[in-house]
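Please consult the sequence and structure shown here while reading.

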Amino acid sequence: MNAQTPKTDLKNLTQEQLVRFVESLGQPSFRGRQLLAWIYKPGIADFSQMTDLAKEFRAVLARSATMSRFDDYRVECSRDGAVKFAFLLEDGRLIESVLIPEEDRNTLCVSSQVGCAMGCGFCLTGTMGFIRNLSTAEIVNQVCAVRDWTLAHDRGPLTNLVFMGMGEPLANLDHLLDAISIFTEQRGLDFSNRRITVSTCGLVPQMKKLGDLTDVNLAVSLHAANDEVRSRLMPVNNRYPIAELVETCRSYRQKRRKRIMFEYTLLAGINDSDRDAEQLASLLREVPCKINLLAVNPAGNPAFASPSPERILRFQLILRNRGYTVFIRQSRGEDIAAACGQLAGKGWEGTGKEKNGTASGCETGGPSPLTP
Ligand code: SF4
């Protein structure tokens, strides 16, 4: 390696790629597996701490590789317990992830892109346009940083990952697949496939690949039961219309007993009528699924209004009467712009946000010092 050769960021590499990397350095393949276990141990910051690797090999690694991490980030705590993390990337861009604590789990909403090209009408990330894909390391480092933060703040382990942050994950499929491999590898971050959910706006060819190559859960942002309304809300519907999308879901390769989660954001006067609910029930016939209803957050686009609680319950009832499992999901973190559709990489702005999670509001999970 000469002085000009850039160092390899090991956080970009799956176990298989690490094995090839160490072999290229003249090491036996088991060193790659050993290395993976060290990289994802909490608190390991440099190669000198990898005590069961030979000193000479550690020196070679220090010359040829790095292990990137997110050291510079801001944290904001919501009154409802959600925690938003804003990460500064090497090129000065910002991404956000949101930790959603619940009684029995800690779920992290992970970003996959800076901005998004999909332009869904109710989503602030969409208004940023597409800036770039995140690298595998940038996806993985969100999870490592938040895992370390929850451990340091006595919040218990991170248990679930959902790709519902900034960006369309299936538009960054290669890096997504590598990140999933690192998340699920026992020597890596050791998440079960059952605890990882990838959400898509409906990129049909990539959905098929995801089903063929992984066993993670699939969520589909549907938001309408017919092409006319869906194309208005989600331009992707012009490329992959509803019938094609739902047919892909019907034949989606999943382990037995797994069900696709359909996300349906209710927009008053647009997609929340009894007729819409009936149409949705007919559309999803024979698709093994669950349905999540969520009232729109007008912060994503003030042109939309949230239906009344009665309307939401009525919509749920119609679907339940047709035999569906239907949840009404509460948006979390609205007061810190962390709710669905609100992420726009602005978490660095303003004053007083704690750096790297040291302020008391976040430590206790109580009211954030930033919110009245
Ligand atoms: Fe992109 Fe998802 Fe927002 Fe649509 S909802 S614009 S796919 S981030």
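R132 is partly exposed, with a relative accessible area of 22% (buried means under 20%, exposed over 50%, and partly exposed in between, for a 1.4 Å probe and protein chains only). The model is predicted: local features need pLDDT of at least 70 and side-chain atom pairs pLDDT 80 or more, while totals for chains, interfaces and linings use all residues. Residues are numbered from 1 along each chain as its sequence is written, and side-chain values use heavy atoms, leaving out hydrogens and water.

R132 belongs to a network of salt bridges that also includes D91 and E138 (a salt bridge being a side-chain nitrogen of Lys or Arg within 4 Å of a carboxyl oxygen of Asp or Glu). D91 is partly exposed at 41%, whereas E138 is buried at 12%. The structure holds 13 salt bridges, including those tabulated here.

| Salt bridge | Closest N and O atoms |
|---|---|
| D91 and R132 | 2.7 Å |
| R132 and E138 | 2.9 Å |
| D274 and R314 | 3.0 Å |

D274 lies in helix α11 and R314 in helix α12, 40 residues apart (helices are DSSP runs of H or I with at least four residues, strands runs of E with at least two, numbered from the N terminus).

In helix α3 (residues 55-64), the buried residues are F57, R58, L61 and S64. They fall within an arc of 135° seen down the axis, so they line one face of the helix; the arc is that of the directions from the helix axis to the C-beta atoms. The face turned away from this buried side carries the exposed residues K55, E56 and R63.
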